[in-house]
Amino acid sequence: MSRVQKDPLRPLRPEERSHLERVSRAFGLPAALVARAKALVAVANGHSYTEAAHLAGRRTGDAVAALVSVFNRQGLAALEPRHAGGPAILYDATAKQRILREFYRKPDRERDGTATWSLTTLQRALRRASDGLPFVSTYTILCVLHEAGLSWQRDRSWCHTGEAKRRRKRGGVVVEVEVHDPDAPPKKALIEQAYTEGERLGLAVWGMDEAGPYQAIPQPGICWQPLTCPVRYPHEHLRHGTAKMLTLFHPSTGTVRVKGVRNCPNAVLHAWLKQQLLMILASLPPAPVLPEADNRASWELWQAGLTVKPTLSADLPPLRLLLIMDNLAGHKTRAFVEWLFAHGVMPLYTPFSGSWLNMTESVQRILIHRALDGSTPASPEDIMHWVEQTARGWNADPTPFIWAGRRHLRRQRAYLRRHPLGGSGACTTRPIRRRPVALTYHRTPCQVTH
C-alpha cells in the first residue's frame, strides 16, 4: 500500500504537458533531462512515485517526490539540472556578456591575426584585453556560445526564400537594393501542395527550368582508373562556345523532356514549351466536365493567398496540368500565360530565391554530371547532343521524385537518434557527460578554469 503523497502533482496546463511529452521522447537532449520529463509525465498519468521512478530508470520514488515538489513551485524550470557541487563556480552573467560582446566585435586582422573568430583566437583576445578575462578557457567560451545559440559551421552560398538583391539606378548611380516577394509563403505552400496532392486531385504536375550555359571546354570528373594514373586533361584549350539545356520534368514518374539550345530567348523557349505541353496534354485522360462555378473554383484554388496573380480568363477550360516555373519575367508574358490558361495549364511560380522548390533543378544536376563529367566537348553541339542522349538513357529507367519523401524522413529520424558533438557534423549514439559550466567569475590569480 503506497503512502499518502504530501505534495501531489498539481494539474498540468496543456502547454506544460505537450512540452513534457516532447522532451520525454527526445533523443538529442541530456539523459537526466529526459528522465525528469518521463517521471513527471508518468505521475501526471496516474502512476505512483515508485512506478514513475522505474519508468524513468530511477531506483526509488524519493527523487520523484522531490522533483514533483520543485515542479509545483517552479514549473518547467524544474527540468533544468542545478549545480550539484564540484569545482567552484567562476563565471557569472556579466562575464558571459563580456565574452559575447567580444565575439560580436569584428576582428582586426593586424591586431587579432584573424578575419573570423575561432575559440583560440577569441580566447587570446579576451585574455589580452584590459577589461577582459585573463584566465578564460576555450571550453567556457564554447559553452557560452552554445548557450547563445551559436555553433561552429561551414560557410556556404545561401539566400533567404522571398528575398533577392537587384541592381537599380538611384540618382544616376547603380546601387544594389534588397527586394522582397510578398507572396513567398503562399507560393511555397501552393508548390508543396501541388507536389503532394496534385496527382491525387487528377492533375498532372510538371516542372520546367532552363540550365546553363555550359562551356565547350574540358570538364573535370571522377572515374575509375589504374592506381596513381588519373585521367589527364590538356592544360591549354580553346573556348568553343556555350550551350544551354531546356527541361520539362514529371516528378511522379521521373520522366524528363530535354532539348539542347545555344540560347533561349522567349521565342525559342515558348515555342518548345508549347510543343511539348501539347504532346503531354494529348497523352492525358480527358478531364471531367464540371459546372462553371466549380471549374473556376478549381482554378482559383491554385491562386489562394496570392496578392499578385494573373487574371483568369472569362471562359476557362477544365484544369488539367500544373506547371512549376521560376519567377522570371519571360515566364509571365501576357501572350504565354493566356496560352497556358486556354489549354488548361496553371502556372505556379517560385518566389525570389526559391528555385530550390523546383525539383527540375535536381534532375538537371544529375543529367549534367552524367553527360559532361570527364568529357571534352569540342563544340556546343556536342554538349547539346550529349545531354539529349543522357536524357533518353534516363527515361529508359527513370527514378520518381517525392517531395519530402522517405529519404527525408529517414534523415530526420537518424538525426534525432544521435547526439551532436560540439558544432560539427559528428554525432554519437549516446550522450557524452560534460562537466558543469562555470557561471561566475572572480578576478583572482588562483582561480583558473581548466
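Rings of Phe, Tyr and Trp (for Trp, its six-membered ring) are taken as a pair if their centres lie within 6.5 Å, and planes under 30 degrees apart count as stacked, over 60 as edge-to-face and the rest as tilted. The model shown is predicted, so that local features need pLDDT of at least 70 and side-chain atom pairs count only at pLDDT 80 or more, while totals for chains, interfaces and linings use all residues. Residues are numbered from 1 along each chain as its sequence is written, and side-chain values use heavy atoms, with hydrogens and water left out.

**View 1. Tyr195 and Trp403 form a stacked aromatic pair.**
A search of the whole structure finds six aromatic pairs. In the pair of Tyr195 and Trp403, the ring centres are 5.1 Å apart and the planes stand at 25°, so the pair is stacked. Tyr195 belongs to helix α9 (residues 184–197) and Trp403 to the loop between α14 (380–396) and α15 (406–416), so the pair ties together parts that are 208 residues apart in sequence; helices (H or I, at least four residues) and strands (E, at least two) are DSSP runs, numbered from the N terminus. Tyr195 is buried at 14% relative accessibility, and Trp403 is buried at 19%, where buried means under 20% relative accessible area, exposed over 50%, and partly exposed in between (1.4 Å probe, protein chains only). Tyr195 and Trp403 also form one aromatic cluster with Trp356.

**View 2. Phe249 and Phe401 form an edge-to-face aromatic pair.**
The two rings lie 4.9 Å apart, centre to centre, with 70° between the planes. Phe249 is in strand β4 (residues 242–250) and Phe401 in the loop between α14 and α15, and the pair links these distant parts of the chain, 152 residues apart. Phe249 counts as buried at 0% relative accessibility, and Phe401 counts as buried at 18%.

**View 3. The charged end of Arg166 sits over the ring of Phe352, and Lys332 lies over the face of Tyr349.**
A charge sits over a ring if NZ of Lys or CZ of Arg is within 6 Å of the ring centre and within 35 degrees of the ring normal. For Arg166, the distance to the ring centre of Phe352 is 5.4 Å, and for Lys332 the distance to the ring centre of Tyr349 is 5.2 Å.

**View 4. Glu147 and Lys96 form a salt bridge between two helices.**
A salt bridge is a side-chain nitrogen of Lys or Arg within 4 Å of a carboxyl oxygen of Asp or Glu, and a search of the whole structure finds 15 of these salt bridges. The closest N and O atoms of Glu147 and Lys96 are 3.0 Å apart. Glu147 lies in helix α8 (residues 138–147) and Lys96 in helix α5 (residues 93–104), so the pair ties together parts that are 51 residues apart in sequence. Glu147 is partly exposed, with a relative accessible area of 49%, whereas Lys96 counts as buried at 17%.

**View 5. Asp112 and Arg105 meet in a salt bridge.**
Their side chains are 3.2 Å apart, N to O. Asp112 is buried, with a relative accessible area of 12%, whereas Arg105 counts as partly exposed at 23%. Salt bridges that share partners join Arg98, Glu102, Arg105, Arg111, Asp112 and Asp131 into one network.

**View 6. Trp302 is a member of the largest nonpolar core.**
A nonpolar core is a set of buried Ala, Val, Leu, Ile, Met, Phe, Trp, Tyr and Cys residues joined through side-chain atoms within 4.5 Å. The largest core has 61 residues, of which Trp302, Leu321, Leu322 and Leu323 touch the most other members. Leaving aside residues up to four places away in sequence, the contacts of Trp302 (heavy atoms within 4.5 Å) include Leu190, Ala194, Leu319 and Met346. A second, separate core of 22 residues includes Leu12, Leu33, Leu40 and Ala52.

**View 7. Strands β1 and β2 form a hairpin.**
Strand β1 (residues 163–170) and strand β2 (residues 173–180) run antiparallel and are joined by eight bridges, where two strands pair if DSSP finds at least two bridges between them. Lys165 has Glu178 in β2 as its bridge partner. Two residues lie between the strands, and Gly171 in the turn has a positive phi of about 65°.
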